[in-house]
Amino acid sequence: MCQNGCRRLWHLNWRKNLNKNKKSFIKVRWGIASLVGILVLIGVLLPLPYYVEMPGTTENVGEMVKVNQPPLTQTSEKGSLNLTTVSMMRATGASLLYAAVTDFTDVYSKADMMGNQTDADYNRMNAFYMASAQNAAIYEAFKLAGKPFELDYKGVYVLDVMKKSTFKDILHIADTVTGVNGQSFKSSEELMTYIKAQKIGAKISVQYTNEAGEAKSADGKTIKIADGKAGIGITLVDHTAVKSTPEVTINAGAIGGPSAGMMFTLEIYAQLTGQDLTRGREIAGTGTIEQDGKIGRIGGIDKKIATASRNGAEIFLAPDDAITKEMKKAEPGVKSNYQEALTAAKKLKTKMKIVPVKTVQDALDYLEK
């Protein structure tokens with residue numbers, strides 16, 4: 001008697017269960033899809049223990065350097081001297097994929113980049129290198145321009161602290177040791193001679209300024225170093241500053257490292273002498289600067305060629321560094337920066353002229369001719 005009615009009721013219940021099961025299935029499917037999406041997103045964006053190096057920026061050093069004197073000549077509105085940078089970023093899955101399919105992009109492990117240094121020490125070291133490059137540039141530019149200057153000894157830069165040093169975790173990279181046991185010194189040789197005259201294990205007080213410029217003092221003991229004499233267990237280098245008239249200020253912002261030394265030197269020299277070295281040309285370059293005027297080797301020059309070409313440079317000044325036997329032994333087939341620059345320029349098919357320079361004077365001779 002209720003056959004049709006029962007069938008209709010069963011059919012309605014079946015449809016209701018079907019819709020309920022369908023909704024449950026859709027929820028499960030979306031849940032799985034969301035989970036997969038999150039895992040993919042994590043895999044793509046999660047920082048990895050690698051670094052990706054790629055072309056960075058091309059920066060006008062004329063906007064960074066100021067020689068505190070009235071301009072000696074009216075320079076062309078066109079043309080500039082430019083430093084070049086590489087960009088370094090923490091690797092992710094996405095950036096590794098990008099590096100795999102992109103020219104002038106390399107991947108390095110954290111050990112390759114920093115050795116045993118912490119991130120903080122690595123950043124301090126880059127800041128130290130930049131400060132040293134600026135100081136060396138002022139020194140060399142004033143020397144080339146025949147302008148008077150003085151070297152002011154400020155102490156010794158800390159470049160490394162031995163694990164067995166009693167000043168480990170007290171002194172840090174780029175701190176400046178200014179005195180020992182309350183005594184000041186006029187050179188690093190004087191400072192080291194004084195420390196070596198102490199007994200091994202003797203109590204010793206070190207005066208220093210930290211990265212923030214704060215004057216501090218710390219107590220420890222001398223240790224036995226490689227030559228069998230007393231030391232405090234640090235690797236050091238002279239911290240000097242050039243005192244000049246006119247005064248020179250350089251503000252490179254967040255850029256670190258030593259490779260802008262040559263371009264800073266050229267810009268300071270141009271402002272000091274009133275010479276228009278650019279003559280309306282866009283000139284880029286790279287290279288460290290030594291106190292003897294030599295231009296030193298840098299890393300990532302292929303990426304610097306790429307950024308300079310991309311940003312319209314007409315001339316690129318590249319270090320023509322000598323390849324030593326030690327370098328050949330450590331890296332068979334190693335090339336000079338100039339040769340590496342030529343290879344990169346050929347790959348880019350750029351019209352930018354690559355100019356080899358061994359000294360700042362070489363760069364001046366080329367730009368002035």
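Mentor: Ala-174 counts as buried, since its relative accessibility is 14% (buried means under 20% relative accessible area, exposed over 50%, partly exposed in between, with a 1.4 Å probe and protein chains only). This is a predicted model, in which local features need pLDDT of at least 70, side-chain atom pairs count only at pLDDT 80 or more, and totals for chains, interfaces and linings use all residues. Residues are numbered from 1 along each chain as its sequence is written, and side-chain values use heavy atoms, without hydrogens or water.

Ala-174 sits in the loop between S5 and S6 (helices, H or I of at least four residues, and strands, E of at least two, are DSSP runs numbered from the N terminus). Although Ala-174 is not a glycine, its phi is positive, about 80°. Asp-169 belongs to the loop between strand S5 (149-161) and strand S6 (176-180), and its phi, near 70°, is likewise a positive value in a residue other than glycine. Asp-169, however, counts as exposed because its relative accessibility is 62%. Most residues other than glycine have a negative phi, and most peptide bonds are trans. A cis peptide bond leads from Thr-245 to Pro-246, with omega near 5°. Pro-246 is placed in the loop between strand S12 (234-244) and strand S13 (248-250).

Of its 369 residues, 40% are buried. Among contacts with a separation of 6 or more, 75% join residues 24 or more positions apart (contact means heavy atoms within 4.5 Å).

Glu-53 is 52 residues away from Thr-105 along the chain, yet their C-alpha atoms are separated by 5.6 Å. Apart from neighbours within four places in sequence, Thr-105 is in contact with Val-52, Glu-53, Met-54, Tyr-98 and Ala-99. Ala-99 is also one of the buried residues of helix H2 (residues 93-101), together with Gly-93 and Ser-95. Leu-97, Ala-100 and Val-101 are exposed on the other side of H2.

Helix H4 (residues 119-145) packs against helix H6 (residues 261-273) at an angle of about 40°, and their axes are 8 Å apart (axes are lines fitted to C-alpha atoms, for helices over the stretch in contact, and angles run from 0 to 180 degrees between N-to-C directions). The residues of H4 that meet H6 include Met-130, Ala-133, Ala-137, Glu-140 and Ala-141, while those on the H6 side include Gly-261, Phe-264, Thr-265 and Ile-268.

H6 also crosses helix H10 (residues 360-368), at roughly 55°, and the two axes come within 11 Å. Here Met-262, Thr-265, Leu-266 and Tyr-269 of H6 meet Val-360, Ala-363, Leu-364, Leu-367 and Glu-368 of H10.

Thr-265, a residue of helix H6, takes part in the meeting with H4 and in the meeting with H10. Thr-265 counts as buried, at 0% relative accessibility. Leaving out neighbours within four places in sequence, it is in contact with Ala-137, Glu-140, Ala-141, Ile-289 and Val-360.
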